[in-house]
Structure formats: C-alpha cells, structure tokens
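I opened this entry to record what I looked up in the structure, one topic at a time.

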Amino acid sequence: MAGGAAVAHGDAGEARIAFSSAGRILTIGADGSDRRQISGPTVPDAGNVDDGYPAWPPDGNTIAFVRTAGGSRNQTSGIYLMDADGSDQRPLTSSKGKTYD
C-alpha cells in the first residue's frame, strides 16, 4: 500500500508527523526524535493488514487512515479513526471483500 504523510501540532504545540511504512502507521517529532509505531503489525509485512494514508485533523487528537485487510482474492478496505497515540482504533466505513475467479 502506498504511504502518505500528515503533520499536526499536539497539545503542547509540538509538531508531529504521521506516515506509513510497510503497512504500518508511525509518528515522529518534526525534529526527527521520538519515533513511534501506532498501528499495523509489529514485524513489517507480517499478516494481511495494511494501514496507510494517515490524515490528521486540525485538533491533532486523532488520525484517520485507510486499512486494507485480507488476501489478494478477498480484500476489504475501510476508513478508520484512532487516537493520536494509536489507541481506540475504530472503523468509520468498510467495504465487503470480493472473490475473484
């Protein structure tokens, strides 16, 4: 899944960047410090879930992202929302998988 990046300013006014890599969403301080994985598998490319395209609303408290799950023949995608620390991941939309012959 392709990546994407988004910048937000947290409660303390610090800028953080959210980006995706290898099916995971990570955040990092604008100065390059404090990198954190907040979604996706612990080991890159493990499992059948890819998270990407993070988007931070102006308040900086949550991150919206696209989650794709399932194998290549029965895949589902949806828009999810999570708290900025990666907790409380919840679907906003979803699509049913398709089976291809």
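**An aspartate to start from**

D83 has a relative accessible area of 25%, so I put it down as partly exposed. The model is predicted, and I read each value below with that in mind. I then looked for the charged partner of D83 and found R90, in a salt bridge whose closest N and O atoms are 3.7 Å apart. R90 is partly exposed too, because its relative accessibility is 24%.

I followed R90 further. R90 also forms a salt bridge with D88, and there the closest N and O atoms are 3.1 Å apart. D88 has a relative accessible area of 47%, so I noted D88 as partly exposed. As a reminder to myself, side chains of opposite charge can pair when their charged atoms come close.

**Other salt bridges**

I ran the search over the whole structure, and it returned five salt bridges. One of them joins the side chains of D34 and R36, at 2.4 Å from N to O. D34 is at 38% relative accessibility and so counts as partly exposed. For R36 I also read a relative accessible area of 38%, which means partly exposed.

I checked whether any of these pairs link up. R16, D34 and R36 belong to one network, joined by salt bridges that share partners.

**Chain overview**

I stepped back to the whole chain. I counted zero helices and eight strands, so the order from the N terminus is simply β-β-β-β-β-β-β-β, by the DSSP runs. The chain has 101 residues, and 31% of them are buried. Its accessible surface comes to about 5,900 Å², with 51% belonging to carbon and sulfur atoms. I also took the contacts with a separation of 6 or more: residues 24 or more positions apart account for 30% of them.

**The four-stranded sheet**

Next I traced how the strands pair. Four of them form an open sheet in the order β5-β6-β7-β8, with antiparallel pairing. The edges are β5 (49-55) and β8 (90-91), and each pairs on one side only. For context, strands of a sheet pair through backbone hydrogen bonds, either parallel or antiparallel.

I went through two of the pairings. β5 and β6 run antiparallel and are joined by five bridges. They form a hairpin with six residues between them, and G60 in the turn has a positive phi of about 70 degrees. β7 and β8 pair over two bridges, also in the antiparallel sense. Here R90 came up again: R90, in β8, is the bridge partner of L81.

Is D51 buried or exposed? D51 is at 1% relative accessibility, and the cut-off for buried is under 20%, so D51 is buried. D51 sits in strand β5, and its bridge partner in β6 is R67. The side chains of D51 and R67 are also joined, by a polar contact of 2.8 Å.

I looked at T68 next, which lies in strand β6. T68 is buried, because its relative accessible area is 9%. The side chain of T68 has a polar contact of 3.2 Å with the side chain of S77.

**The nonpolar core**

Which residues make up the largest nonpolar core? I listed eight: A18, I25, I38, W56, I63, F65, Y80 and M82. β6 (62-69) and β7 (76-83) each supply at least two residues of this core.

I picked I25 from that list and looked up its contacts, leaving aside neighbours within four places in sequence. I25 touches the core members I38, F65 and M82, among others.

**Points to keep**

D83 is partly exposed at 25% and has a salt bridge with R90. I also keep R90 for its two salt bridges, one with D83 and one with D88, and for its place as the bridge partner of L81.

Technical notes
Residues numbered from 1 in each chain as written. Predicted model: local features only at pLDDT ≥ 70, side-chain atom pairs only at ≥ 80, totals over all residues. Heavy atoms only, no water. Core = buried A, V, L, I, M, F, W, Y, C linked by side-chain atoms within 4.5 Å. Buried < 20%, exposed > 50% of the residue type's maximum accessible area, 1.4 Å probe, protein only. Contact = heavy atoms within 4.5 Å. Pairing = 2+ DSSP bridges. Polar contact = N/O pair within 3.5 Å; in protein donor to acceptor, adjacent residues only side chain to side chain. Salt bridge = Lys/Arg side-chain N within 4 Å of Asp/Glu carboxyl O. Areas by Shrake-Rupley, 256 points an atom, 1.4 Å probe, with all protein chains shown as cover.
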